[in-house]
Amino acid sequence: MLEISNLSVDFHTDGGVVHAVKDVSITVGEGEIRGLVGESGSGKSVTSMTILGLLGTRRARVSSGEILLNGTNLLEMSQKELGRIRGRQIGLVSQNALSALDPSFTIGSQMIEVIRLHQKLSRAAAYEEAVRSLERVGMPDPPQKLRAYQHQLSGGQRQRVVIAMALVARPALLLADEPTTALDATVQKQILDLLLEINRDLGTAILMVTHDFGVVSHMCDSVTVMRKGSVVEQGSADQVLTAPEHPYTRSLISSVPKLRLDDTARAVPRAERRLHVFQEA
Ligand SMILES: Nc1ncnc2c1ncn2[C@@H]1O[C@H](COP(=O)(O)OP(=O)(O)OP(=O)(O)O)[C@@H](O)[C@H]1O
């Protein structure tokens, strides 16, 4: 579904050229959860933001490669065309739910706006859809949350709102960039389990950007490890976790307590997850 091939991205700064992403190839298949792992500065975010044309600086240049979404090269699209892909085919759940929500509008008005952008619905019908979307992400008392402003919600609740909004158009792929970094451990796990549930119930593929192999062990089917802009290793999560080939991968894995590596929820094979979706439909 998503095929990144030989992608290189440079930043042209006053101090010279920074080669942030070097010849990176990554695929995410239908319904797959792939972890994109590496330390700070390894190029994970630049890679994932390039997919959606969201690098947000004129200094960034894609110097080679292609990013195919169902066969169409996203790098050849105009910002307007990419705007249509964002939300509709690829949903974004970013690091910081605070910056994704507008503090001056209620959660309800923001959700209704996003829903009406994607579906021709009256305000009343869009409100009902907003209630259903919040129910889907396990939010307690959706009508009350829709009347609230972001500062009245907890960190975990805000991230649930962002996930609900990213799912409005039922995208086939979610880009989740460190979606739990800002949350405490218990809430982190709840949000990861929610993403896993969404993957199982809706068949949504996920590219999970993280620095944490605990997250990979918990929920990913496959993993790509990046270091200093390059891919050093990739494969199935089981294979990489049990027999990492690169010393850098080994050091990332050994920095996670064994208890967390054992706490895995990814036991259901992908084929069965799709069967589950099929049976529900
Ligand atoms: N706007 C920018 N201008 C110049 N260099 C940049 C810019 N954005 C990122 N970089 C550089 O690109 C490289 C990769 O950064 P990136 O943010 O992708 O790393 P990351 O692995 O996602 O780290 P983190 O987990 O801290 O976000 C780093 O060397 C960074 O300094």
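How many residues of domain 1 are in contact with residues of domain 2? In this predicted model, 13 residues of domain 1 touch twelve residues of domain 2.

Let me place the two domains on the chain. According to the domain assignment, domain 1 is made of the segments 27-62, 78-89 and 171-280, while domain 2 covers 98-170. Taken over C-alpha atoms, the centres of domain 1 and domain 2 are 24 Å apart.

Which elements give two or more residues to the side of domain 1 that touches domain 2? They are helix 2, residues 79-88, and helix 8, residues 185-202. Helix 8 provides the largest share of that side, with six residues. As for residue class, the side of domain 1 that touches domain 2 holds ten nonpolar residues, two polar residues and one charged residue.

Four strands make up an open sheet, in the order 2-1-4-5, with antiparallel pairing. Strand 2, residues 16-28, and strand 5, residues 72-73, are the edge strands; each has a single partner strand, so one side of each has no neighbour in the sheet.

How many bridges join strand 1 and strand 2? Strand 1, residues 2-13, pairs with strand 2 in the antiparallel sense over nine bridges. To locate this pairing on the screen, please find F11, whose bridge partner in strand 2 is V18.

Thank you; I would be glad to take questions.

Note on methods. Residues numbered from 1 in each chain as written. Predicted model: local features only at pLDDT ≥ 70, side-chain atom pairs only at ≥ 80, totals over all residues. Domains from an automatic or database assignment. Contact = placed C-beta atoms within 7 Å. Nonpolar A, V, L, I, M, F, W, Y, C, P; charged D, E, K, R; others polar. Pairing = 2+ DSSP bridges.
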